[in-house]
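Good morning, and thank you for making time for this presentation.

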Amino acid sequence: MTINGQEISLQDPLVLLVLAFAVLIFLVLLTLRAVARSTRMVDPLAQQMSHLGARVQSLSDGQERLAGGLHHVSEAQAQSQTAMLQVVETRLAEVHNKMTENLHVSARRTAHSLGELGERLQAIDKAQDNITKLSGDVLSLQDILANKQTRGAFGEIQLQDIVSKALPSDSYSWQVTLSNGRRADCLIHLPNPPGPIVVDAKFPLEGYEAMQRSETKDELARAAQAFRLSVRKHIRDIRDRYIIEGETADGAVMFLPSEAVYAELHAHFPELVREGFEARVWIVSPTTCMATLNTMRAILKDARMREQAGAIRKELGLLYADVDRLSARVSNLDRHFGQAAKDIEEIKVSADKAGKRARRLDNFDFEEMHGDAGPTPDALTRG
């Protein structure tokens, strides 16, 4: 090989050495160049790797914080669940106790209501029996009232019940025959005046029932006329039969055993009531009869008190004498008590003196009194 006119042999060791050195330098330069290029390429990558590491570290920190937050949330959730379970259990226990109490209360109320219902059913059954019995009694009463004789007996029985409850048993008599041969239902022995008074039971039922059944004015007028005639006849019969001068009181009582008939009479037939007053026949119902008999009872009581006035005055005189003797005896007893009190006071004074002397004798010192004659009896007495 010829370079710049010089012949260079490739077989020359020096040439080979130079070539090898040149090649080495060239390789070193290439390596340095590749290293420089690699360095320029690695710096951005290193920066990216650094950023990536920072991001990874941030992600790791975030993951740790997230794990801590999740743990905290888990604990809070567990505590919340525990508290919620406790609250739920408490509420369930309260609800259970409340339901149990309500069930017991409801059971007691139900049992009480059932008991009351049973009692009411028993009362209803009893009332039903009474209604059935009353229905039979009403039918029997209708049968009784349909007959004049039985109706009269019904009035007499009711009159006897009222009179026996209002007056003493010795102040009235039943079915008394008067001097004119008429027999009175009841004779009440009132003092003069007014004297014994007759009470007779009357029951003008047919006319009253006819008025109740009337559907037209004509029927009502005919029934009212029949009722008026019946009552007027009863008033006149009582006046003519049971008012006897010198034997009975100057009046008599007509007893109507029905409040409804009595009310109808006073409400729609006042002229009959006035006729009764004029005839001195006083019309009474069971209620007003009881009031009238109570007034008679007061009259009887006053008369009996007047009859017993002499005996009362005599007893008062004896009572005054007893009180006078009692006063004298109390005075004597008071004098005796005064004398006894004076004696007791004197005895108390003597006992006090004797006690004082006994205490002085008990306090003597006999050892200091050797050779002394001692107190004389007179000195003891003076002491």
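Is Glu271 buried, partly exposed or exposed? Glu271 counts as partly exposed, because its relative accessibility is 23% and the classes are buried under 20% relative accessible area, exposed over 50%, and partly exposed in between, with a 1.4 Å probe and protein chains only.

Before I continue, a word on the basis of these values. This is a predicted model, in which local features need pLDDT of at least 70 and side-chain atom pairs count only at pLDDT 80 or more, while totals for chains, interfaces and linings use all residues. Residues are numbered from 1 along each chain as its sequence is written, and side-chain values use heavy atoms, with hydrogens and water left out.

Let me stay with Glu271. Its side chain meets that of Arg228 in a salt bridge of 3.0 Å, N to O; the term denotes a side-chain nitrogen of Lys or Arg within 4 Å of a carboxyl oxygen of Asp or Glu. This pair links distant parts of the chain, with Arg228 in helix H4 and Glu271 in helix H6, 43 residues apart. Helices here are DSSP runs (H or I, at least four residues), as are strands (E, at least two), and they are numbered from the N terminus.

The structure holds ten salt bridges. Another of them joins Lys233 and Asp237 at 2.9 Å, N to O. Both residues lie in helix H4, four residues apart, about one turn of the helix. Asp237 counts as buried, because its relative accessibility is 15%. Arg239 forms a salt bridge with Asp240, with 3.1 Å between the closest N and O atoms. Here Arg239 is partly exposed at 35%, whereas Asp240 is exposed at 52%.

Helix H4 also contains Arg232. Arg232 is buried, at 15% relative accessibility. Leaving out residues up to four places away in sequence, Arg232 touches Leu272 and Glu275, where contact means heavy atoms within 4.5 Å.

The largest nonpolar core has 30 residues, and Phe227, Met254 and Leu265 have the most contacts inside it. Such a core is a set of buried Ala, Val, Leu, Ile, Met, Phe, Trp, Tyr and Cys residues joined through side-chain atoms within 4.5 Å. Among the elements that give two or more residues to this core are strand S4 (183–188), helix H4 (217–242) and strand S6 (252–255). H4 supplies the largest share, seven residues. A second, separate core of 20 residues includes Ala166, Leu167, Cys186 and Ile188.

Next, the aromatic rings. Rings of Phe, Tyr and Trp (its six-membered ring) pair if their centres lie within 6.5 Å; planes under 30 degrees apart count as stacked, over 60 as edge-to-face and the rest as tilted. By this rule there are three aromatic pairs. One of them, Tyr172 with Trp174, is edge-to-face, at 5.6 Å centre to centre and 65° between the planes. Tyr172 is buried at 13%, while Trp174 is partly exposed at 28%. Phe277 and Trp282 form a tilted pair, at 5.9 Å and 45°. Trp282 is partly exposed, with 34% relative accessibility.

Finally, which helix holds Leu30? Leu30 is in helix H1, residues 13–146, and is partly exposed at 37%.
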